[in-house]
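Work through the exercises below with the sequence and the model side by side, and try each task before reading its solution.

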Amino acid sequence: EQGAVGTLPTKSAKMALRVQALFKSGSAKSAPAKKAVSRPSGKTSRGWFGGEGGSQTSLDKWYGPDRALFLPSGLLDPSDVPSYLNGELPGDYGYDPLGLGKDSEQVLKYRENELLHARWAMLAAAGILIPEGLEANGANIVGGTWFETGSKMLDGGLLNWFAVPWGVVTIPLPLIVVTAINVGLMGAVEFYRKNGAGPSGYAPGVGKFDADIFDGLDNLYPGGPF
């Protein structure tokens, strides 16, 4: 009886087999040669205050073939990771069960869209927290709590916007007009971004500038004050 029990696979072994099966398309197929990746050898990120930082800022463990994977080595063999997941992009832990990363050109589009979504989300977070915080501390703002803004307007109320340094500004516009303005502004921003050109602008530290200030720069990371 003890011999029979001893031949049964353990739970850990079963888990390892199931995990490895996700990455194997068939035992008869040979794995394609993986593309060589240039690792950011010795590269580090900046410290909190712009300094060089310590060993914890090293990027070696996050890029290249020896990067951290989504499972420890006991459960996942690096050779079972799809060849297109080569550690070039941040966040590549070797996990892609849906095969979304097979098309390298599409991956670059995903990356661009994700960065834009993240930046709009950061602006939205500021637009949510700042008005609500001001209203909670006595500022004369109506509709400062973002999920109540629409109901305030549908009930016939007008929005008061706290526009520093000009104080509180009353917006005597119905909800549908405010929505149309927001859609129009967002559409204009996306149109200019897609075409790479737009009207003149202004930025602190730069002053007035034309759209050609971005010529030859990375659209996602232009650098400088941007």
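For sorting residues by class, Ala, Val, Leu, Ile, Met, Phe, Trp, Tyr, Cys and Pro count as nonpolar, Asp, Glu, Lys and Arg as charged, and the others, Gly among them, as polar. This is a predicted model, in which local features need pLDDT of at least 70 and side-chain atom pairs count only at pLDDT 80 or more, while totals for chains, interfaces and linings use all residues. Residues are numbered from 1 along each chain as its sequence is written, and side-chain values use heavy atoms, with hydrogens and water left out.

**Exercise 1.** Describe the largest pocket by its volume and by the classes of its lining residues.

Solution. A pocket is found on a 1 Å grid over the protein atoms alone, as an open set of points where a 1.4 Å probe fits, with protein on both sides within 12 Å along at least five of seven lines; lining residues have an atom within 4 Å of a point. Grid points are joined across faces, edges and corners, and the volume is the space filled by probe spheres set on the points. The largest pocket holds about 1,100 Å³, and of its 27 lining residues, Val 189, Tyr 192, Arg 193, Phe 214 and Asn 219 lie nearest its centre. Helix H3 (104–136), helix H5 (175–195) and strand S3 (201–203) each give two or more residues to this lining, and H5 gives the most, with six. Sorted by class, the lining has 15 nonpolar, six polar and six charged residues.

**Exercise 2.** Locate Pro 90 in the chain and decide whether Pro 90 is buried or exposed.

Solution. Pro 90 is found in the loop between helix H2 (11–23) and H3. Buried means under 20% relative accessible area, exposed over 50%, and partly exposed in between (1.4 Å probe, protein chains only); Pro 90, with 57%, is therefore exposed. Pro 90 and Tyr 63 are 27 residues apart in sequence, yet their C-alpha atoms are 7.0 Å apart in space. Pro 90 is also one of the residues nearest the centre of the second largest pocket, in which about 840 Å³ of space lies.

Notes. Helix = DSSP H or I, 4+ residues; strand = E, 2+ residues; numbered from the N terminus.
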